[in-house]
Amino acid sequence: MNLQIFDDGPTCFRLKIVMSILSNRPIRICNIRNRSKCPGVTDYEVNFLQLINLLSNGAVININDTGCVVNFSPGSLIGGEHIFDCSNERGLGYFLEPLLILSPFTKTYLSLKLTGVTNNSIDPSVDIISQTWLPLLKKFLPPASSSSLKLEIKKRGIAPKGGGLVVLSSKPAQQISPIQLVSSGKVYRVRGVAWTCRVSPAIASQLMHGAKGLLNSFLSDVYINLDQRKVNIRFHRFFSQN
């Protein structure tokens, strides 16, 4: 197999690994932050490679002494049941995005428990991935695989200590179907979640009523779910559906 060489550093690092696996072609990623004060791959990128290695059989990963060159030879995605502790430097969304692309191509049923940061200001939250990524991905999958694709939020975890837990479940797909999205359509309903952590439950209720009061001036079909957890931050997310 021909070795594909990338000399543009860490740009699209996860996507390069994903495409290497799907195309079954080895790659070499060079010049990874070679001019930075902290050269080489970061801890969360190494963590991502460890996760890929956990889900693969026969993958070979080599990082040079400076960490500026990564050689990756893909193996086969085996699936199975696994538990993995993700780096708290990045949110679980950083790891879930490439995993969702790879999940239909595993050889067996996949049940993966990921622990770490569920919500931060850098990566897509697990709520966004659950409400946007999954419905779109299911359009490509056959009914058996589509119905088994789930992302469950068991615990929420906030930086810097993390502690969140999500479970990603999927079945291998026999085929991937093409789709056509020719019109964006109109927004006719809004679904969201207002969650609080280690604060009074009344705050989540205030967030919900405040958001509904604003959104109801545009749409009548607005539903916001309350999620109260025991972590030291509060936040809210909203999703539009068309």
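# Close-up views of a predicted model

**View 1. Four strands make up an open sheet, ordered S1-S2-S5-S4, with mixed pairing.** The model shown in this and every other view is predicted. Strands S1 (4-6) and S4 (60-63) stand at the edges and have a single partner strand each, so one side of each is left without a neighbour in the sheet. On average, neighbouring strands of this sheet are turned by 10 degrees against each other, direction ignored. S4 pairs with strand S5 (residues 70-73) in the antiparallel sense, over four bridges. Valine 60 has serine 73 of S5 as its bridge partner.

**View 2. Helices H1 and H2 on the sheet of view 1.** Helix H2 (residues 43-55) packs on the sheet and touches S4 and S5. The direction of H2 makes about 160 degrees with that of S4. Helix H1 (residues 13-23) lies across S1, strand S2 (27-29) and S5. The angle at which H1 runs to S2 is about 170 degrees.

**View 3. Asparagine 24 lies in the loop between H1 and S2.** Most residues other than glycine have a negative phi. Asparagine 24 is not a glycine, yet its phi is positive, at about 60 degrees.

**View 4. A second open sheet has four strands in the order S7-S8-S10-S9, and its pairing is mixed.** At the edges stand strand S7 (80-85) and S9; each has a single partner strand, so one side of each is left without a neighbour in the sheet. Neighbouring strands here are turned by 15 degrees against each other on average, direction ignored. Strand S8 (residues 110-116) and S10 run antiparallel and are joined by seven bridges. Threonine 115 stands opposite leucine 165 in S10.

View 5. H3 lies across S8, S9 and S10 and runs at about 160 degrees to S8. H4 also packs on this sheet, where it touches S9 and S10. Between the direction of H4 and that of S9 there are about 165 degrees.

**View 6. Helix H3 (residues 92-102) packs with helix H4 (residues 126-138).** The axes of H3 and H4 are 11 Å apart and the packing angle is about 10 degrees. H3 and H4 are therefore roughly parallel to each other. From H3, the contact takes in Leu92, Gly93, Leu96, Glu97, Leu100 and Ile101. From H4, the residues of the contact are Val126, Ile129, Trp133, Leu134 and Leu137. By class, the contact of H3 with H4 has nine nonpolar residues, one polar and one charged.

**View 7. Proline 160 sits in the loop between strand S9 (150-155) and strand S10 (164-170).** Most peptide bonds are trans. The bond from alanine 159 to proline 160 is cis, and its omega is near 5 degrees.

**View 8. The second largest pocket has a volume of about 190 Å³.** Twelve residues line this pocket, and the closest to its centre are Asp127, Gln131, Arg156, Val193 and Asn225. H4, strand S11 (189-197) and strand S12 (222-229) are the elements that give two or more residues to the lining. The lining of the second largest pocket divides into three nonpolar, four polar and five charged residues.

Key
Residues are numbered from 1 along each chain as its sequence is written. This is a predicted model: local features need pLDDT of at least 70, side-chain atom pairs count only at pLDDT 80 or more; totals for chains, interfaces and linings use all residues. Side-chain values use heavy atoms; hydrogens and water are left out. Axes are lines fitted to C-alpha atoms, for helices over the stretch in contact, and angles run from 0 to 180 degrees between N-to-C directions. Angles under 35 degrees count as roughly parallel, over 145 as roughly antiparallel, 65 to 115 as roughly perpendicular and the rest as oblique. Contact means heavy atoms within 4.5 Å. Ala, Val, Leu, Ile, Met, Phe, Trp, Tyr, Cys and Pro count as nonpolar, Asp, Glu, Lys and Arg as charged, and the others, Gly among them, as polar. Two strands pair if DSSP finds at least two bridges between them. On a 1 Å grid over the protein atoms alone, a cavity is a set of points where a 1.4 Å probe fits but cannot get out, and a pocket is an open set with protein on both sides within 12 Å along at least five of seven lines; lining residues have an atom within 4 Å of a point. Grid points are joined across faces, edges and corners, and a volume is the space filled by probe spheres set on the points.
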